[in-house]
Amino acid sequence: CGNSGSSWEANATAAPLRGLYQPRAPFESFEPMEIPMTVLEATAWLNARSTQPLIVVPEVREHVVKMRNSLPSRWVDLPSETPLRGTVQPGEHYSFQLAVVNMNSGHTAAPPLVVSDVTFSDLTMQGKSIPASALACMNTKGSDFWGRDFVVDHVLVPAGEVKPLWVKLVVPSDAESGTWSGAAKVTAGGHTV
């Protein structure tokens with residue numbers, strides 16, 4: 001740049017330097033849910049699930065689904081069927097997500113996926129149970145800001161998007177310590193998983 005005595009040569013054998021991202025403040029921090037999969041990772045991830053009629057990924061509340069048009073890098077190594085594990089306290093209103101994926105092979109002109117139902121089984125542990133009524137999908141029913149009850153008969157997931165369905169679990173105050181298990185089912189596009 002103006003100095004005729006200087007020359008720049010590219011070293012074809014040098015590996016690119018790996019960058020280190022250091023946020024200035026916590027608000028500016030990227031986390032695993034804000035870093036998208038690469039195109040190759042997303043293609044492999046979707047291909048591994050190509051036989052599934054519907055892709056639903058359970059996710060804990062600490063990892064909020066933020067990117068609607070990309071798959072988060074946190075999911076790269078997830079098995080096709082991923083259990084959700086969370087730690088809750090008696091009397092807690094615990095929330096988590098069921099992320100519905102409508103990547104539709106990248107065709108954004110495709111119709112949206114229509115989520116028509118979200119149901120739950122009882123949570124059980126050694127003969128004890130927490131009724132399924134303690135769980136509710138907040139995208140389909142609940143109470144609004146003014147305390148009015150609402151019910152939504154369907155939720156649209158546009159093509160090329162990931163839509164988190166938020167679920168709340170009202171843990172009974174007398175719930176015993178231990179590992180409780182249950183199942184959630186999402187019905188969309190005529191398929192249930």
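Student: What makes β1, β2, β10 and β6 an open sheet, and in which order do they stand?

Tutor: In this predicted model, 4 strands form an open sheet in the order β1-β2-β10-β6, with antiparallel pairing. Strands here are DSSP runs of E of at least two residues, numbered from the N terminus, and two of them pair if DSSP finds at least two bridges between them. The edge strands, β1 (55-60) and β6 (135-137), each pair on one side only.

Student: How do you know that β2 and β10 pair?

Tutor: Pairing asks for at least two bridges, and 10 bridges join β2 (residues 93-102) to β10 (residues 161-170), so the two count as paired strands. Within this antiparallel pair, Gln97 has Trp166 of β10 as its bridge partner.

Student: Why are β9 and β12 called edge strands?

Tutor: They belong to an open sheet of 4 strands in the order β9-β3-β11-β12, paired in the antiparallel sense. Because β9 (155-157) and β12 (191-192) each have a single partner strand, one side of each is left without a neighbour in the sheet. Elsewhere in this sheet, β3 (residues 113-120) and β11 (residues 184-188) are joined by 5 bridges, and Phe120 is partnered with Ala184 of β11.

Student: What is the predictor's confidence in the chain?

Tutor: The mean pLDDT, a confidence for each residue from 0 to 100, is 86 for the chain, and 85% of its residues reach 70 or more. Local features need pLDDT of at least 70 and side-chain atom pairs count only at 80 or more, while totals for chains, interfaces and linings use all residues. Residues are numbered from 1 along each chain as its sequence is written, and side-chain values use heavy atoms, leaving out hydrogens and water.
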